Amino acid sequence: MIQVRIPTPLRPYTGSARVVEVTSGTVAAVLAALTQTYPQLAAQIFDTDGRLRAFVNIYLDDEDVRHLQGMDTQVPDGTELSIVPSVAGGAPAPLTSPDNVTLSNDEVRRYSRHLILPEIGVDGQKRLKAAKVLLIGAGGLGAPAAMYLAAAGVGTLGIVDFDVVDESNLQRQIIHGQSTIGMPKMESARRRIADMNPHVNVVGYEFALDSSNALEIFADYDVIVDGTDNFQTRYLVNDACVLTGKPNVYGSIFRFEGQASVFWAKHGPCYRCLYPEPPPPGLVPSCAEGGVLGVLPGTIGLIQATEAIKLITGAGDPLIGRLMTYDALDMRFREMKLRKDPACPICGEHPTLHELIDYDEFCGVKPAAQQIDARGIPEITVQELRERLTTGLAKTNTLLLDVREPNEWDIVHIDAARLMPMHTVSEHIHEFAPYDEILVHCRSGARSADIVRFLRADIGLKNVKNVKGGILAWAREIDPSLPVY
Ligand code: ZN
């Protein structure tokens, strides 16, 4: 028998079981046995084609099975398989230089316990004073990280947060207090830090980090500490770190579990190497929805602060290429090896991402800007249709309907389309349910617009769109070799 370790977000599907015993076999066989016992788990870890979802990794002991034989990897008796969903090198030189930095007598007294540590010493303390650390968020992870980094003597702390302190934050966000409820978190954090260590310069960014400002802000800092609670910002922080060459000290928390790592493309993998795609919106609940043990962000945030200090001073062995996972209920830390993905779209051998993108769209939080025609009917262009066809309609679970007559189909048609003359559509309504998206086309787009309106308004289907300009536009703009009529 082998043990399969179930992460917190998936435990609702295993009747709260944290560890499940399964007969040994290949990874595929073990997962099949597991999902046979817990059928609801199947949709969480496999896509509709039965492939492992891109935001789920499987580890055999501490090794990612993708680096073994994938789903064919044998899982020997007595070993442990872990399902690790995203709840998304060599020793680098110290990030900062002690040159041109002096410590006052006050500072020498304050930092004396550091100064007598050989691994930090006067040199390391000066490096800390010269350092600029950017904290993304002054919430659960950012609060403890900011406090300890300030206490440790990091010279400049940038904090990005535009939220306001709420009473429900105080269970874990210990930088804030009763007296700062209702105050911007930025201001609340600034006051606490000023009281703790007046030698720290706090730089506040009281607005949302986004694609238009991230690169410029990151450029000013030595290290970025990611304390975000949503996937859009997590991918934004990762990509901005890769593009600016900065180390990304990553932490994430959920209920009783946390993860931490250091992503630094120069020396190891990035977050996208680990999780190429975010989970669909709603699949992984946020802390607000799922809850979080109040002390948990303290543990993870302090791992992040520790890693930041190590990177700045060059002390020790950073958490690069390693994912630390922590389970507070088991009181167990586990370490998994991470490898750089040569096919990573941003830090791989042939990157396709060279600038920041729209992360709301990437994470499916908002649909791509929807075009609507004069009658209020959603439509897509033939260029977008070509993209869908290139990726494969199965990928987006799309049905392409051609509502012209059979003789028109004989003249010219798109192979991936299904012929369904418009007067027959109402007889086929029951066949549409399995599809996530229905695209409708005709000759020029007029008849299909009527069908789109019928399917949406009368039948109540949601994701139905008209192909703008029909097959004439397709022939004109995409495939001029086709006949037109
Ligand atoms: Zn990468």
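Analyst: In this predicted model, Tyr326 counts as buried, since its relative accessibility is 7% and the limit for a buried residue is under 20%. Its partner in an aromatic pair is Phe333, a residue that is partly exposed, with a relative accessible area of 44%. A pair of aromatic rings is described by the distance of the centres and the angle of the planes. For Tyr326 and Phe333 these values are 4.6 Å centre to centre and 25 degrees between the planes, and the pair is stacked, because planes under 30 degrees apart fall into that class.

The pair of Tyr205 and Phe207 has another geometry: the ring centres lie 6.1 Å apart and the planes stand at 80 degrees, so this pair is edge-to-face. Here Tyr205 is buried, with a relative accessible area of 12%, while Phe207 is partly exposed at 36%. The count of aromatic pairs comes to nine, and ring pairs also join Tyr235, Tyr250, Phe263, Tyr271, Tyr275 and Phe362 into a cluster.

In soluble globular proteins, nonpolar side chains tend to be buried together. The largest nonpolar core of this model has 44 residues, among which Leu149, Leu157 and Ile193 touch the most other members. Helix H12, which covers residues 296-313, gives this core its largest share, eight residues. If the neighbours within four places in sequence are left aside, the contacts of Leu157 include Val133, Leu135, Ala146, Leu149 and Ile193, and also Asn201.

Two details of the backbone complete the picture. Most residues other than glycine have a negative phi. Ser16, however, has a positive phi near 75 degrees; this residue is found in the loop between strand S1 (2-5) and strand S2 (19-22), and Ser16 is exposed, with a relative accessible area of 56%. Asn397, which is not a glycine, also has a positive phi, of about 55 degrees, and its place is in the loop between helix H14 (382-391) and strand S18 (398-402).

Definitions and conventions: Residues numbered from 1 in each chain as written. Predicted model: local features only at pLDDT ≥ 70, side-chain atom pairs only at ≥ 80, totals over all residues. Heavy atoms only, no water. Phe/Tyr/Trp six-rings, centres within 6.5 Å; stacked < 30°, edge-to-face > 60°. Buried < 20%, exposed > 50% of the residue type's maximum accessible area, 1.4 Å probe, protein only. Helix = DSSP H or I, 4+ residues; strand = E, 2+ residues; numbered from the N terminus. Core = buried A, V, L, I, M, F, W, Y, C linked by side-chain atoms within 4.5 Å. Contact = heavy atoms within 4.5 Å.
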